[in-house]
Amino acid sequence: MNLIDVAKQFGTPEACNDFLESMRWPDGVECVHCNSKRVTKYVKQASTRQRLNAKSGQMETKPVPARILYVCRDCKKQFSVTEGTIFNDTHLSLEKWYMATALMVNAKKGVAAAQLQRDLGTAYKTAWYLSHRIRKAMALVELADDEPLSGTVEIDETYMGSKKYDKRRKRAKYDKEPVFGIVERDGRARTYHMPEVTLKNVVEKIKDNVSIATNAVYTDESRLYGTVPGCIRNHNHETVNHAAHEWVRGDVHTGTIDGYWGLLKRGVIGTYHQISVKHLHRYLNEFQFKWNHRKAQDIFVLVIAALVIGSSLPYKALIAAQDMPEDGGPEVSLGDEAL
């Protein structure tokens, strides 16, 4: 869905709520507390509330917008359509959530939080937090796809970090953050942020992601892939020698995954400018999701469905020094150095 479609279809809170309701409860609304279907829907009218301003020490009157709520006639508890989802505890309207989702899935090289801030009329912190929750939904969609890659597969690694700071920081050319990738030709991609590209890590990812029915596996001349055991050699493994300026030999090349790396790096350099090592895996999830669903007509709906299914991502967990467990288990923290 493009922005015009989103604005037309979800221009009112009622339309947004009804769409989310139909996705979450296709067989009728159920209480999130006791699973009862004896639920009544009502609208809580707009009001105001008193709030203490921590800086001035004065009480301020804040508006409280109208909300669509549900009440269970069995357990007597109230709940909303967003309770227990990634939307949980949001102060943003669903219209802005849908607009942000449309902006992110339609932007080939990503949308910066500052751009979302301007487009949605929110604070920068709100836009940044919002974008990471949408990235978490994209990651949930990718976790559901556990089918190994097949056909012709290309394997490569790249290193994330700015070259212009190499001399000033006195770091080696590859003293950067390694990212390992596997790409099907005209198909899906799998990318991983690794603490180090070692034989053990590479073998583990290849075994988990490459089908035994793969026709061919193409890599560059790196000695790393020459020492990989049968998980590569049993798949008609061939290489191209980039050091000797050999880029393609018949059907043997790594142009697909090189193009993927180019898209990823153009997004980081041109859109985000710099990203934290701590959040690198989330940006990888975003680019992987958009690559794998680049031909899908329902990419917007996929993200909204994942936002409904997924659990909440607290802000404290997002900014914690060490990542707290999320969908895919605990993440290894590599610090807060900007790439």
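A search of the whole structure finds zero disulfides, a disulfide being a pair of cysteine sulfur atoms within 2.5 Å. The structure is a predicted model, in which local features need pLDDT of at least 70 and side-chain atom pairs count only at pLDDT 80 or more, while totals for chains, interfaces and linings use all residues. Residues are numbered from 1 along each chain as its sequence is written, and side-chain values use heavy atoms, without hydrogens or water.

Cys-31 is in no disulfide; its nearest cysteine sulfur belongs to Cys-75, 3.6 Å away. Is Cys-31 buried or exposed? Cys-31 counts as buried, at 1% relative accessibility; here buried means under 20% relative accessible area, exposed over 50%, and partly exposed in between, with a 1.4 Å probe and protein chains only. Cys-16 is buried as well, with a relative accessible area of 0%.

I turn to the sheet. Helices (H or I, at least four residues) and strands (E, at least two) are DSSP runs, numbered from the N terminus. Three strands form an open antiparallel sheet, in the order S1-S4-S5; two strands pair if DSSP finds at least two bridges between them. S1 (39–44) and S5 (78–79) are the edge strands, each pairing on one side only. Between S1 and S4 (residues 67–72) there are six bridges, and Lys-44 stands opposite Arg-67 in S4. H2 packs on this sheet, touching S1 and S4, and its direction makes about 40 degrees with that of S4.

Next, the helices. How do H10 (residues 255–272) and H11 pack? Their angle is about 125 degrees, and their axes are 11 Å apart. Axes are lines fitted to C-alpha atoms, for helices over the stretch in contact, with angles from 0 to 180 degrees between N-to-C directions. H10 and H11 are therefore oblique to each other; under 35 degrees counts as roughly parallel, over 145 as roughly antiparallel, 65 to 115 as roughly perpendicular, and the rest as oblique. Among the residues that meet, H10 contributes Tyr-260 and Leu-263, and H11 contributes Phe-287 and Trp-291; contact means heavy atoms within 4.5 Å.

In H12 (residues 299–309), the buried residues include Ile-299, Phe-300 and Leu-307. What covers the buried residues of H12 includes H1, H2, H3, H5 and H11.

Finally, Ala-112 is found in the loop between H3 and H4. Leaving aside neighbours within four places in sequence, Ala-112 is in contact with Thr-271 and Tyr-272.
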